Amino acid sequence: MENDDYINVTIELDDMDITSAETKATYDEIKKYVAAHNAGMKVSNLYISQVKRKCGIEVGKNYNLPKNEDNRQPQCPEDKESAIVEALKHFKMNS
């Protein structure tokens, strides 16, 4: 008796759209990419978050809020912003 319970299927993934999970890089991956492609440049999670927001990419809630409202956050310098944007493009998170 032959076993007819199985069907072999081949799916070519090259023809499929990438999923949103495949287009998400961790902050650590973004930091490593920026450092590798910008002479060891270091960027903070704060700067990555600021650039992601500026590009319209959702970021999680910030639970590390300042103790008083007078505290000002440093803003991401232009050179670091462009390096982060390039990393986001590399990971297909920004067009």
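Q: Hi! How are α1 and α2 oriented to each other, roughly parallel or roughly perpendicular?
A: Roughly perpendicular, a label for angles of 65 to 115 degrees (under 35 is roughly parallel, over 145 roughly antiparallel, and the rest oblique). The axes of α1 (residues 27-37) and α2 (residues 45-54) cross at roughly 100° and come within 10 Å. Axes here are lines fitted to C-alpha atoms, for helices over the stretch in contact, with angles from 0 to 180 degrees between N-to-C directions.

Q: Where does this model come from?
A: It is a predicted model, where local features need pLDDT of at least 70, side-chain atom pairs count only at pLDDT 80 or more, and totals for chains, interfaces and linings use all residues. Residues are numbered from 1 along each chain as its sequence is written, and side-chain values use heavy atoms, leaving out hydrogens and water.

Q: Back to α1 and α2, which residues make the contact?
A: From α1 they are Y27, I30 and K31, and from α2 they are N45, I48, S49 and K52. Contact means heavy atoms within 4.5 Å. That group has three nonpolar, two polar and two charged residues. Here Ala, Val, Leu, Ile, Met, Phe, Trp, Tyr, Cys and Pro count as nonpolar, Asp, Glu, Lys and Arg as charged, and the others, Gly among them, as polar.

Q: What about α1 and α3, at what angle do they pack?
A: About 115°, with the axes of α1 and α3 (residues 78-90) 9 Å apart. On the α1 side, I30, Y33 and V34 meet A83, I84, E86, A87, L88 and H90 of α3. By class, that makes seven nonpolar, one polar and one charged.

Q: How many helices and strands does the chain have?
A: Three helices and zero strands, in the order α-α-α along the sequence. Helices (H or I, at least four residues) and strands (E, at least two) are DSSP runs, numbered from the N terminus.

Q: New topic: is E81 buried or exposed?
A: E81 is buried, at 19% relative accessible area. Buried means under 20%, exposed over 50%, and partly exposed in between (1.4 Å probe, protein chains only). E81 sits in α3 and touches V51, K54 and C76, leaving aside residues up to four places away in sequence.
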